[in-house]
Amino acid sequence: MTRIAIIGAGVAGLTLARRLQGSAEVVVFEKSRGVGGRMATRRVDSFDFDHGAQFFTVRSEAFREFLKPYQARGLVQQWQPRLLSLAPDEKPGECAWSEPHHVAVPGMTALCKAMASGLDLRLETRVEALHRQPDDRWRLAIGADRSTAFDWVICTAPAPQTYALLPPEFVQQHPLLGDNTMAPCIALLLGLQSTPDWHFDAARIQHDVLAWLSCEASRPGRAECQAVTLHSTATWAAAHLDDPDDVVAASMLAALRDITGPSLPPIAVQQVKRWRYAKADALESPQLLLDPDLQLAAAGDWAHNGRVEGAFLSGQRLADALLTHIQKSA
Ligand SMILES: Cc1cc2nc3c(=O)[nH]c(=O)nc-3n(C[C@H](O)[C@H](O)[C@H](O)COP(=O)(O)OP(=O)(O)OC[C@H]3O[C@@H](n4cnc5c(N)ncnc54)[C@H](O)[C@@H]3O)c2cc1C
C-alpha cells in the first residue's frame with residue numbers, strides 16, 4: 001500500500017489524512033503537543049482561550065456537508081456574540097454579521113481533536129528535513145532519528161515553513177510558496193478577577209495596536225469565567241514580534257484602556273502568544289501543489305482563501321487529486 005507522510009495536524013493536514021486513510025497508509029507528524037494548529041485553545045489556570053482562529057464561516061457545499069455530523073453532535077455551533085465596532089474617543093458602532101459564524105465547542109481545538117480520532121498521529125514530532133533515497137522514496141529527518149520511508153510527503157505547514165522544508169526542486173515550481181509571507185498577529189490572553197463592565201462580547205477595533213477583542217464566556221459551551229482574548233493588528237505585530245512579553249503586554253493593555261476606558265478589573269493571569277504566520281491573503285484562484293514525479297505535495301489555507309474553510313477545501317482538493325493519481329498508478 002502507498003505510504004504517505006503528512007506534515008501538520010491542522011485542519012488541512014487532518015482533512016487530507018481522513019480522506020486518504022483506507023486508500024493509503026497515512027502517518028501525520030505534528031510538532032506541537034496537540035492537534036489543531038491555528039485552530040487553537042489554551043487553558044491557563046482555570047481560564048480557557050481560543051487565541052487563534054476566532055470563528056469560521058461556511059460558504060461551500062463541501063464544507064457544509066463535512067460539518068453536518070459535528071453540528072449534530074453539538075461539536076460545532078453558531079456563535080452569536082454582542083458585536084461592536086470600537087475606536088478611541090468614538091461612539092461604539094453596531095456591527096452585525098451578515099452570515100452565520102461558527103465555532104467548535106467547547107473550544108476551537110475540539111473539531112480537530114474529533115477529526116484526528118483513529119489516525120496514526122505522531123505528536124511532538126517536528127520534521128526537520130526530507131531526504132530522497134535511491135529508490136525515490138522519502139525519509140523524514142526527525143531529531144536524531146530517521147523515520148521509515150514514505151512514497152509521498154505532503155506538507156501543510158504555513159507557506160513560509162513549507163518553503164523552508166520542502167526541497168528546492170519542488171518549491172521553485174510554486175512561486176506562491178516563496179511569495180506568500182503571511183501576516184503575523186500577537187494575542188494577549190487575559191484572565192480577569194471579575195467580569196468587566198462592558199456591553200459587548202466581541203469587538204472589531206480601529207486602533208494602531210489592537211484589531212479584535214473577544215470575551216470567551218460568550219462562546220457556546222463555555223463555563224462562566226472572565227477570560228478575554230485580544231488580537232493585535234498585523235502591522236503592529238510585525239514591528240513588535242520579538243519584543244519581550246512584558247513590553248508587548250503593556251502596550252496591548254494600554255491600547256485596551258484607550259478603547260474601553262481605564263476601569264479594567266484586576267488581572268489574575270496574562271499570557272502573550274505570538275503567531276508569526278497567522279493569516280494568508282485570499283487567492284483569486286485556489287492552487288493545487290502536487291508533483292507526481294517528486295511525489296511531493298503541499299496544502300493549507302494559504303493555497304486557498306486564508307481561512308479555516310480554505311484550509312479544509314485545500315486539503316480536500318489535494319486528497320482527491322492524489323487519490324486519482326494513486327488509483328491510476330496502482
Ligand atoms: C490569530 C489568528 C486569528 C484567525 N482568525 C480566523 C478567523 O476568525 N476565521 C478563520 O476562518 N480563520 C482564522 N484564522 C486562520 C485559520 O486559523 C487558518 O486559516 C487555519 O486554521 C489554517 O489551517 P491549516 O491546517 O492550513 O494550517 P495550521 O493550522 O497552521 O496547521 C499547520 C500545522 O503544521 C504544524 N507544523 C508546522 N511545521 C511543522 C514541522 N516541521 N513538523 C511537524 N509539524 C509542523 C504546525 O504545528 C501546525 O499544527 C486565524 C488565524 C490566527 C493565527
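I began with the domains: the assignment gives domain 1 (1-37 + 111-181 + 283-330) and domain 2 (54-107 + 183-279), with bounds that come from an automatic or database domain assignment. I kept in mind that this is a predicted model, where local features need pLDDT of at least 70, side-chain atom pairs count only at pLDDT 80 or more, and totals for chains, interfaces and linings use all residues. Residues are numbered from 1 along each chain as its sequence is written.

**Domain contact.** I found 30 Å between the centres of domain 1 and domain 2, taken over C-alpha atoms. Across the boundary, 12 residues of domain 1 are in contact with 14 residues of domain 2 (C-beta atoms, placed from the backbone, within 7 Å). On the domain 1 side, α3 (109-116), α4 (159-165) and α9 (308-329) each supply at least two residues; helices are DSSP runs of H or I with at least four residues, strands are E runs of at least two, and both are numbered from the N terminus. The largest share of that side, five residues, comes from α9.

**Ligand.** Which residues are closest to the ligand? I noted G8, G10, G37, R38 and D301, out of 38 that surround it (C-beta atom, placed from the backbone, within 6 Å of the molecule). Elements giving two or more residues to this shell are α1 (11-20), α4, β14 (183-192), β18 (267-279) and α9. Domain 1 and domain 2 both give residues to the shell, so the ligand lies between them.

**Overall fold.** I counted nine helices and 20 strands in the secondary structure. The C-alpha atoms fill a box of roughly 65 × 45 × 40 Å along the principal axes.

**Core.** Buried residues make up 43% of the 330 (20 or more other C-beta atoms within 10 Å of their own, with C-beta atoms placed from the backbone; exposed means 12 or fewer, partly exposed in between). The largest nonpolar core has 96 residues, and V153, I154, L210 and A297 touch the most other members; such a core is a set of buried Ala, Val, Leu, Ile, Met, Phe, Trp, Tyr and Cys residues joined through C-beta atoms within 7 Å. With seven residues, α9 gives the most to this core. Both domain 1 and domain 2 give residues to this core, so it lies between them. I also looked up L210: leaving out residues up to four places away in sequence, L210 touches I205, L230, S232, T233, M252, A255, L256 and I259.

Methods:
Contact = placed C-beta atoms within 7 Å.
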